[in-house]
Amino acid sequence: MTTPTIATESLRELENQLNKRLPGQAHFDALSRVLYSTDASTHQIEPLGVVFPRTADDLCAAVETAA
């Protein structure tokens with residue numbers, strides 16, 4: 001059994017906090033990260049997670065949580 005790194009624990013905590021404030025709108029699964037890792041260019045950078053704010057308040061909550 002491997003011990004989770006601090007980065008993994010921090011990422012899980014971020015996911016939990018975002019899901020508390022934005023239920024169902026923060027996705028940290030591998031499929032979501034891969035789907036949003038590229039645009040129409042040749043560049044690909046996998047994000048740590050993907051957030052789908054519906055309102056300006058959702059956006060503010062996501063930024064506050066991430067900060």
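This is a predicted model: local features need pLDDT of at least 70, side-chain atom pairs count only at pLDDT 80 or more; totals for chains, interfaces and linings use all residues.

Biologist: OK, how many aromatic pairs does a search of the whole structure find?

Modeller: The search turns up 1 aromatic pair. It is edge-to-face, because the ring centres of Tyr-36 and Phe-52 are 5.5 Å apart and the planes sit at 70°.

Biologist: And where do Tyr-36 and Phe-52 lie?

Modeller: Tyr-36 is in the loop between H2 and strand E2 (50-51), while Phe-52 is in the loop between E2 and helix H3 (56-66), so the pair ties together parts 16 residues apart in sequence. Helices (H or I, at least four residues) and strands (E, at least two) are DSSP runs, numbered from the N terminus.

Biologist: What does Tyr-36 count as at 47% relative accessibility?

Modeller: Tyr-36 counts as partly exposed, and Phe-52, at 27%, also counts as partly exposed. Buried means under 20% relative accessible area, exposed over 50%, and partly exposed in between (1.4 Å probe, protein chains only).

Biologist: Switching topic, which residues make the nonpolar surface patch?

Modeller: Leu-31, Leu-35 and Tyr-36 make a patch of about 350 Å². Patch residues have over 30% relative accessible area and no salt bridge, with like charges joined within 9 Å and nonpolar side chains (Val, Leu, Ile, Met, Phe, Trp, Tyr) within 5 Å. A salt bridge is a side-chain nitrogen of Lys or Arg within 4 Å of a carboxyl oxygen of Asp or Glu. Areas come from the Shrake-Rupley method with a 1.4 Å probe; for residues, only the protein chains shown count as cover.

Biologist: Is Leu-35 buried or exposed?

Modeller: Leu-35 has 55% relative accessibility, so it counts as exposed. Leu-35 is in helix H2 (residues 30-35).

Biologist: What about the whole fold, what pattern does the protein follow along the sequence?

Modeller: The pattern reads α-β-α-β-α, with 3 helices and 2 strands. Of its 67 residues, 19% count as buried.

Key: Residues are numbered from 1 along each chain as its sequence is written. Side-chain values use heavy atoms; hydrogens and water are left out. Rings of Phe, Tyr and Trp (its six-membered ring) pair if their centres lie within 6.5 Å; planes under 30 degrees apart count as stacked, over 60 as edge-to-face and the rest as tilted.
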